[in-house]
Amino acid sequence: MTENPTRVLNQLLALTDDPDDICFEEQDGYAFIVLGSVQIAVSLSSQAALDKLATVAAQAAADHRGHSLRKVA
């Protein structure tokens, strides 16, 4: 991996349906969040960016759960 991250613009990536495909791992001294076939290099990210990612993921989970509960009700 290089220290120059690649930007992906206007790319729609679907999150895997298998929770076991989502993990945190280290490879060659770099930390990654693995989302199925997509890897996010944590080592190259700021703490603020990681905190925002955690907040957005929590919000997405809460919104999805709320939508599912409203469907059932």
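Author: Contact means heavy atoms within 4.5 Å. Among contacts in this protein between residues at least 6 apart in sequence, 18% join residues at least 24 apart.

Reader: What conventions apply here?

Author: This is a predicted model, in which local features need pLDDT of at least 70, side-chain atom pairs count only at pLDDT 80 or more, and totals for chains, interfaces and linings use all residues. Residues are numbered from 1 along each chain as its sequence is written, and side-chain values use heavy atoms, with hydrogens and water left out.

Reader: Which pattern does the protein follow along the sequence?

Author: Helices (H or I, at least four residues) and strands (E, at least two) are DSSP runs, numbered from the N terminus. Here the pattern is β-β-β-α, with one helix and three strands.

Reader: How do I read strand pairing?

Author: Two strands pair if DSSP finds at least two bridges between them. In this protein, three strands form an open sheet in the order 1-2-3, with antiparallel pairing. Strand 1 (22-27) and strand 3 are the edge strands, each pairing on one side only.

Reader: How many bridges join strand 2 to strand 3?

Author: Four bridges join strand 2 (residues 30-35) to the antiparallel strand 3 (residues 38-41). Val 34 has Gln 39 in strand 3 as its bridge partner. Two residues lie between the strands of this hairpin, where Gly 36 takes a positive phi near 70°.

Reader: What percentage of the residues is buried?

Author: Buried means under 20% relative accessible area (1.4 Å probe, protein chains only), with exposed over 50% and partly exposed in between. Buried residues make up 12% of the 73 residues.
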